[in-house]
Amino acid sequence: MEQLLRNIFDNNIFVFTVTAILPLIWIVPYALVAIWLERKISAHMQDRLGPMRTGGWHGWSQTIADMLKLLQKEDIVPAAADKILFNLAPYIIFIAAYAAYAAIPFSSAYIGADINVGIFYIIAVTSLAVVGILMGGWASNNKWSLFGAMRAAAQIVSYEIPSVLAVLAVVMIAGTLSLQEINNLQTGWFWNWYVFQKFPFIFVAFIIYFIAALAEVNRVPFDIPEAESELVAGYVTEYSGMKFAMFMFAEFVNMFAVSAIAATLFFGGWNSPFGDFLGGPIWGVFWFLSKGMVLVSIQMWLRWTLPRLRVDQLMYVSWKVLTPFAFACVIAVGLWMML
Amino acid sequence: MTDIFETSIKTSTGKALRREEMVINMGPQHPSTHGVLRLEVVADGEIVIDVIPHIGYLHRCFEKHAENMTGYQQVVPYVDRMDYCAAMNMDFGYVLAVEKLLGIQVPERVEYIRVIMAELQRVASHLIAAGTYGLDIGAFTPFLYMFRERERILDLFEMTCGARLLYNYMWVGGVSHDLPPGFIDKAKDFCQYFKPKIKEYNDLLSYNEIFIKRTANVGVLPGDVAIAYGCSGPVLRGSGVDFDLRRDDPYSVYHKFDWKPEIGKGEMGAVGDCWDRYIVRIREMIQSINIVEQALNQIPEGDVATAIPKRIRPNAGDVYVRTESARGELGFYVISDGTAKPFRIKARSPSFVNLSVIPEISRGGMIADLVAIAGSLDIVLGEVDR
């Protein structure tokens with residue numbers, strides 16, 4: 001018996017499977033809560049109530065009900081669609097979003113894979129979403145979907161540059177690409193967080209990263225790939241039922257992923273803001289998730305406040321505003337470190 | 001425009017790539033065509049090369065229906081349904097035309113009530129226009145803020161005549177109900193409540209940097225082009241042409257109030273761009289509220305039903321009356337052959353005329369600009385198609 005258990009637990013495949021599934025324990029409830037929260041936040045910002053009935057208290061189970069509804073819906077594939085690509089696209093987008101969680105440190109004791117090029121891996125693997133979006137847009141055989149996919153590809157590729165440069169500024173100070181290492185270097189009180197280091201350059205880098213991240217996850221004011229008043233729904237126009245839900249799920253997973261990366265790089269990740277107060281691996285999870293959720297809330301706040309940019313203005317912001325400023329930050333941090 | 005299609009691009013194997021324009025249908029089921037408008041867009045990628053509006057999806061034969069009613073009064077509910085966002089303004093134009101045909105003078109209290117209702121309706125209509133315009137540009141929240149205020153106006157209408165959208169309130173020779181007790185105080189309260197809200201809209205939307213970027217210098221409609229196309233209302237005034245029928249061809253009691261039309265000045269870009277058309281509506285709401293306040297203070301006592309004719313049978317003849325509806329010059333041409341039924345009614349609807357300018361001003365812009373332009377023209381398809 002002991003031998004059997006040892007065989008199971010020493011087996012690498014078992015360990016890999018468990019560590020791969022663990023983030024889902026957070027992501028699934030998070031997505032359910034975040035979708036409900038977004039509806040409630042938007043409702044209260046807009047002087048209405050939002051969901052109030054389902055489940056009793058402030059419609060808390062609205063998302064669960066919606067999910068059950070979407071599961072029961074007929075899965076419509078347009079007759080002229082490229083069926084293989086059409087069916088594959090939502091899963092590729094979700095995989096791209098989920099794969100990032102492998103290298104995100106949830107606490108000092110838990111990280112899916114503490115690879116020494118963690119942040120590099122995350123940036124690389126999240127780019128995979130472009131492939132999924134293009135596949136979905138092309139396979140739908142709908143002009144609006146294609147418009148959305150083309151816009152999304154251009155946008156995500158463009159905004160990766162300022163976001164990578166902003167990350168680079170932090171990596172230069174830390175001297176490592178491992179996110180767990182970067183967290184360890186920010187231990188202590190909140191003034192040890194990188195966002196307050198080399199002031200104001202890393203702070204500017206954070207702003208650049210956050211704006212670029214908004215664009216990478218297609219949130220307002222950069223939601224032009226799915227701009228519902230222009231492109232109906234962009235690349236998700238033809239999707240229905242559970243496949244649509246996968247797109248939605250991936251969007252919220254992505255929102256938290258970029259927030260988590262921002263929290264890790266700039267806000268100390270799982271470190272308590274107050275030195276050893278409520279420190280340790282268990283509270284670390286709490287601090288990490290709280291920081292991530294604050295940034296997610298800011299994304300929602302912007303979503304319901306700002307209008308949308310036009311596609312050329314979006315490119316202008318990326319190439320002519322964010323990228324030069326990000327370069328300036330990198331150079332300034334470099335010069336500061338040489339002093 | 002054509003040269004980019006003439007230069008052929010060669011692939012690595014030396015084969016010429018074919019390039020062509022894409023024809024894409026915007027509507028009739030599209031979120032930002034404000035109803036069932038279909039725009040056939042010829043596009044080169046994101047650039048709009050040509051736009052052809054197709055209308056008629058909401059055609060309900062209003063003019064033919066009007067000839068088959070049992071009388072002039074029965075046309076009013078149909079007129080309501082033309083511009084369902086500004087039904088009071090529609091009624092106003094129609095009843096004025098029939099009254100002119102009959103040669104009846106309505107009591108002064110009726111005139112004041114009509115002006116109050118028409119101006120409140122104008123505010124409600126501009127709230128929808130500005131709110132949905134924010135929606136077109138991607139801002140959700142202003143839309144619901146503006147609907148919150150519109151709700152108060154609809155409450156006032158409901159209090160007066162029981163209906164919230166299609167009122168059948170203005171009758172030939174009078175109005176269906178006198179103002180209920182407490183209406184004047186409530187309306188004054190609303191005016192006081194509404195004025196500071198304009199600042200809220202301006203902070204949230206009008207002077208938002210992104211909003212200005214999206215609307216300034218987009219869809220520029222010069223004044224002479226606007227006149228050539230016969231545009232009217234906020235679209236014409238947005239192009240810097242100072243023309244408002246309430247002042248230039250006064251009807252009812254508009255000459256008794258102190259107000260001025262708002263015109264576009266090109267503050268954020270060229271005169272006559274989308275931002276100008278938008279801000280004209282926002283500023284007109286303030287003017288309308290001023291008119292309502294003055295009318296509420298001056299309104300005389302009296303009976304509203306004295307001039308309502310028992311039987312409407314005008315002498316043979318024809319009449320054309322034009323009024324300033326929320327969307328521009330609304331004209332009714334009514335021909336009577338001496339019977340109780342109108343022989344012919346022709347409506348000159350402002351949205352229809354304003355819509356005709358879309359191909360002119362959206363060529364060379366982007367798909368997103370087309371949405372911004374269509375929203376800034378503020379068309380109501382019920383009135384375009386009738």
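## Two domains in chain B

In this predicted model, the C-alpha centres of domain 1 of chain B and domain 2 of chain B lie 35 Å apart. The domain assignment gives residues 5-54 to domain 1 and residues 62-384 to domain 2. Where the two domains of chain B meet, domain 1 contributes 16 residues to the contact and domain 2 contributes 18.

On the side of domain 1 of chain B that touches domain 2, the elements giving two or more residues are β4 and β5 of chain B, and the largest share, 7 residues, comes from β5(B). Sorted by class, this side of domain 1 holds 10 nonpolar, 4 polar and 2 charged residues.

## The strands β3, β4 and β5 of chain B

Strand β4 of chain B, residues 38-44, pairs with β3(B) in the antiparallel sense through 5 bridges, and within that pairing B:Met26 has B:Leu39 of β4(B) as its bridge partner. Strand β4(B) also pairs with β5(B), residues 47-54, again antiparallel and over 7 bridges; here B:Asp44 is bridged to B:Ile47 of β5(B). The hairpin formed by β4(B) and β5(B) has 2 residues between its strands, and B:Gly45 takes a positive phi near 65° in this hairpin.

The two faces of β4(B) can be told apart by their cover: B:Leu39, B:Val41 and B:Ala43 make up the covered face, whereas B:Arg38, B:Glu40, B:Val42 and B:Asp44 make up the uncovered one.

## Helix α5 of chain B

Helix α5 of chain B has 30 residues and reaches 43 Å from its first C-alpha to its last, close to the 44 Å expected at 1.5 Å a residue. This helix is mostly covered, with 27 of its 30 residues buried. Just after α5(B) comes B:Gly138, which takes a positive phi of about 115°.

## Where chain B touches chain A

Between the chains, 26 residues of chain B are in contact with 22 residues of chain A. On the chain B side, at least two residues each are supplied by β3 (22-26), α5 (108-137), α6 (141-161), α8 (209-215) and α15 (367-377). The residues on this side of chain B divide into 15 nonpolar, 6 polar and 5 charged.

## Chain A as a whole

Chain A has 13 helices and 0 strands. Its radius of gyration is 21 Å, close to the 20 Å that the globule rule gives for 339 residues, so chain A is as compact as a globular protein of that length. Along its principal axes, the C-alpha trace of chain A spans about 65 × 60 × 40 Å.

Of the 339 residues of chain A, 46% count as buried. Among the contacts in chain A that join residues at least 6 apart in sequence, 78% link residues at least 24 apart.

A:Ala103 lies in the loop between α4 (83-99) and α5 (118-126) of chain A. This residue counts as buried because 24 other C-beta atoms lie within 10 Å, where 20 or more are required. Leaving aside neighbours within four places in sequence, A:Ala103 is in contact with A:Gly112, A:Ala113, A:Ile115, A:Gly118, A:Tyr121, A:Ile122 and A:Leu179. By contrast, A:Val321 is 218 residues from A:Ala103 in sequence and 30 Å from it in space, C-alpha to C-alpha.

Definitions and conventions
Residues numbered from 1 in each chain as written. Chains lettered and ligands numbered in written order. Predicted model: local features only at pLDDT ≥ 70, side-chain atom pairs only at ≥ 80, totals over all residues. Helix = DSSP H or I, 4+ residues; strand = E, 2+ residues; numbered from the N terminus. Buried ≥ 20, exposed ≤ 12 C-beta atoms within 10 Å, placed from the backbone. Contact = placed C-beta atoms within 7 Å. Rg over C-alpha atoms; globule rule 2.2 N^0.38 Å. Nonpolar A, V, L, I, M, F, W, Y, C, P; charged D, E, K, R; others polar. Pairing = 2+ DSSP bridges. Expected span 1.5 Å × (residues − 1). Domains from an automatic or database assignment.
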